[in-house]
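Trainee: I am new to this structure and would like to go through it with you step by step. Could we look at it together and begin with a single residue?

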Amino acid sequence: MESLIAAVREQDEAASFLAGPGDFDLDRGDHVEEVHLASGAALEGFAGDGAGGTFFFCGEGGEERPVLYADSEGGSALVAIGLSELLRLLLVAPWWRGCQAFTAEESRDLADEYLEDIPDLVARRDRAAAALGVDLPPETVVLDRLREVALGVGENFVLILTAEGYPYEPLIRS
């Protein structure tokens with residue numbers, strides 16, 4: 001099986017969508033400050049966003065590892081179990097950071113804002129997903145999974161600001 005990271009790098013349309021609406025750039029894997037997991041498990045930054053946030057693989061292994069997102073303001077959350085799950089989230093609901101209540105209405109409002117700015121968002125998303133061979137579940141399924149991961153197993157992935165010894169604040173709360 002080909003690496004999804006390699007596939008994103010090779011597929012211009014997918015990389016463009018993920019960098020644009022998805023705010024996911026594989027060329028930005030360094031975090032703004034030194035951090036570590038409270039558990040002592042390995043932490044590998046592999047992508048970033050335009051606001052200084054970082055996506056990290058947690059633990060040992062490949063692209064199937066849990067993915068933690070840390071923003072530049074001291075918040076973090078486990079957002080996916082594996083890169084394929086993260087890509088589904090970024091493709092289906094690139095507005096996920098704005099979700100607080102995880103209701104269909106909230107997501108619809110955020111989606112409408114994105115569609116105002118990017119009228120061809122759905123067509124671009126579908127082409128990106130096809131290029132990567134990623135299936136696209138319904139938005140509610142993707143956001144429910146995000147919440148389940150963040151509030152379930154995610155509680156075991158506490159990010160610590162190394163210099164100060166302080167934990168990052170949870171980005172997703174119950």
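Trainee: In which strand is T54 found?

Mentor: This is a predicted model, in which local features need pLDDT of at least 70, side-chain atom pairs count only at pLDDT 80 or more, and totals for chains, interfaces and linings use all residues. Residues are numbered from 1 along each chain as its sequence is written, and side-chain values use heavy atoms, with hydrogens and water left out. Strands are DSSP runs of E with at least two residues, helices are runs of H or I with at least four, and both are numbered from the N terminus. The run that covers residues 54-58 holds T54, and this is strand β3.

Trainee: Is T54 buried or exposed?

Mentor: Buried means under 20% relative accessible area, exposed means over 50%, and partly exposed lies in between, with a 1.4 Å probe and protein chains only. Because T54 has 0% relative accessibility, the class for this residue is buried.

Trainee: Which side chain does the side chain of T54 join in a polar contact?

Mentor: A polar contact is a pair of N or O atoms within 3.5 Å; within protein, one must be able to donate a hydrogen and the other to accept it, and residues adjacent in sequence count only if both atoms are side-chain atoms. Contact as such means heavy atoms within 4.5 Å, and leaving aside residues up to four places away in sequence, T54 touches several residues, among them G29, D30, L68 and Y69. The polar contact of T54 has a length of 2.7 Å, and the partner side chain is that of H31.

Trainee: Which residues of α3 are buried?

Mentor: Helix α3 spans residues 83-92, and eight of its ten residues are buried, so the helix is largely enclosed by the rest of the structure. The buried residues are L83, E85, L86, L87, L89, L90, L91 and V92.

Trainee: What is the phi of D23?

Mentor: Most residues other than glycine have a negative phi. D23 sits in the loop between α2 (12-19) and β1 (35-37), and is partly exposed, with a relative accessible area of 25%. Although D23 is not a glycine, its phi is positive, at about 50°.

Trainee: What radius of gyration does the chain have?

Mentor: The radius is taken over C-alpha atoms, and the globule rule is 2.2 Å times the number of residues to the power 0.38. For 174 residues, a compact globule would have a radius of gyration near 16 Å, which agrees with the value for the chain, 15 Å.
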